[in-house]
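Q: I have a model open and want to learn to read it feature by feature. Where do we begin?

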Amino acid sequence: MSPTSSAAPTATTNPAPATVSDADAHGFTVFGNGARCIGSDNAEMFVRTAKSALVVCRSEINQLYYRGYRIADGASIDLYDVSRQSGGFVAVNTPANARYVITANGFQLIQNGSVVVNESAVESGPTGWAT
């Protein structure tokens with residue numbers, strides 16, 4: 001007979017997204033320039049989902065901007081109306097009446113007040129960005 005053990009059940013939580021192996025201080029080093037800051041601008045946050053790669057950058061003149069890349073077809077978007085929010089950033093695409101909400105947990109596209117895309121992060125960084 002084998003001994004039996006009894007252990008108290010442990011609570012399960014969603015694991016934190018993994019650190020990003022193919023990114024540096026400027027965003028992703030893959031995807032061309034689709035999810036990478038311009039020139040020497042630094043990334044405030046970058047996130048990869050199963051379908052997208054996203055980066056929020058700060059320019060040399062202290063302006064935030066967003067660069068998003070759709071992995072399936074290589075489509076990209078740059079937005080320059082970006083603000084910090086609790087836990088992340090919001091980028092606004094006024095002509096499309098859309099908001100891109102970026103956090104370390106993932107990405108939401110809200111258009112005309114409805115969530116049309118909701119993607120969970122598989123990786124995010126840089127570590128300790130939220131202070």
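A: We begin with empty space. A pocket is an open set of grid points where a 1.4 Å probe fits, with protein on both sides within 12 Å along at least five of seven lines. The model here is predicted.

Q: What is the idea behind the probe?
A: Rolling a probe the size of a water molecule over the atoms shows where empty space is left. In this structure, the largest pocket holds about 260 Å³ of space. Its lining has 15 residues; closest to the pocket centre are Ser-52, Arg-70, Ile-77, Tyr-100 and Phe-107.

Q: Which elements give two or more residues to that lining?
A: They are β4 (52-58), β5 (64-70), β6 (76-79), β10 (106-111) and β11 (114-125). With four residues, β5 gives the most.

Q: How do the lining residues divide into nonpolar, polar and charged?
A: Nine are nonpolar, three are polar and three are charged.

Q: Let us take one lining residue. Where does Ser-52 lie, and is Ser-52 buried or exposed?
A: Ser-52 lies in strand β4. A residue counts as buried under 20% relative accessible area. Ser-52 has 7%, so it is buried.

Q: Which side chain does the side chain of Ser-52 meet in a polar contact?
A: That of Glu-119, at 2.9 Å.

Q: Now charges. What can side chains of opposite charge do?
A: Side chains of opposite charge can pair when their charged atoms come close. The cut-off for a salt bridge is 4 Å, from a side-chain nitrogen of Lys or Arg to a carboxyl oxygen of Asp or Glu. By this rule there are five salt bridges.

Q: How should I read the one between Arg-48 and Glu-123?
A: Start with the distance. The two side chains meet at 2.5 Å, N to O. Then look at sequence: Arg-48 is in strand β3 and Glu-123 in strand β11, 75 residues apart, and the pair links distant parts of the chain. Then check accessibility. Arg-48 is buried, and Glu-123 is buried too.

Q: What is the N to O distance between Arg-67 and Asp-78?
A: Their side chains form a salt bridge at 3.2 Å. Arg-67 sits in strand β5 and Asp-78 in strand β6, 11 residues apart.

Q: Why does Arg-67 count as buried, and why does Asp-78 count as partly exposed?
A: Apply the cut-offs: buried is under 20%, exposed is over 50%, and partly exposed is in between. Arg-67 has 12% relative accessibility, so it counts as buried. Asp-78 has 30%, so it counts as partly exposed.

Q: Which residue forms a salt bridge with Asp-73?
A: Arg-70, with the closest N and O atoms 2.9 Å apart. Arg-70 counts as partly exposed because its relative accessibility is 44%.

Q: What is the phi of Asn-97?
A: It is positive, about 50°, although Asn-97 is not a glycine. Asn-97 is found in the loop between β8 (88-93) and β9 (98-103). At 46% relative accessibility, Asn-97 counts as partly exposed.

Q: How far apart are Gly-32 and Tyr-69 in sequence and in space?
A: They are 37 residues apart in sequence and 9.5 Å apart in space, C-alpha to C-alpha. Gly-32 is in the loop between β2 (27-28) and β3 (42-49). Gly-32 counts as exposed because its relative accessibility is 54%.

Q: Last, the whole chain. How many helices and strands are there?
A: Zero helices and 11 strands. Of the 131 residues, 40% count as buried. Now take contacts with a separation of 6 or more: residues 24 or more positions apart account for 35% of them.

Notes. Residues are numbered from 1 along each chain as its sequence is written. This is a predicted model: local features need pLDDT of at least 70, side-chain atom pairs count only at pLDDT 80 or more; totals for chains, interfaces and linings use all residues. Side-chain values use heavy atoms; hydrogens and water are left out. On a 1 Å grid over the protein atoms alone, a cavity is a set of points where a 1.4 Å probe fits but cannot get out, and a pocket is an open set with protein on both sides within 12 Å along at least five of seven lines; lining residues have an atom within 4 Å of a point. Grid points are joined across faces, edges and corners, and a volume is the space filled by probe spheres set on the points. Ala, Val, Leu, Ile, Met, Phe, Trp, Tyr, Cys and Pro count as nonpolar, Asp, Glu, Lys and Arg as charged, and the others, Gly among them, as polar. Buried means under 20% relative accessible area, exposed over 50%, partly exposed in between (1.4 Å probe, protein chains only). A polar contact is a pair of N or O atoms within 3.5 Å; within protein, one must be able to donate a hydrogen and the other to accept it, and residues adjacent in sequence count only if both atoms are side-chain atoms. Contact means heavy atoms within 4.5 Å.
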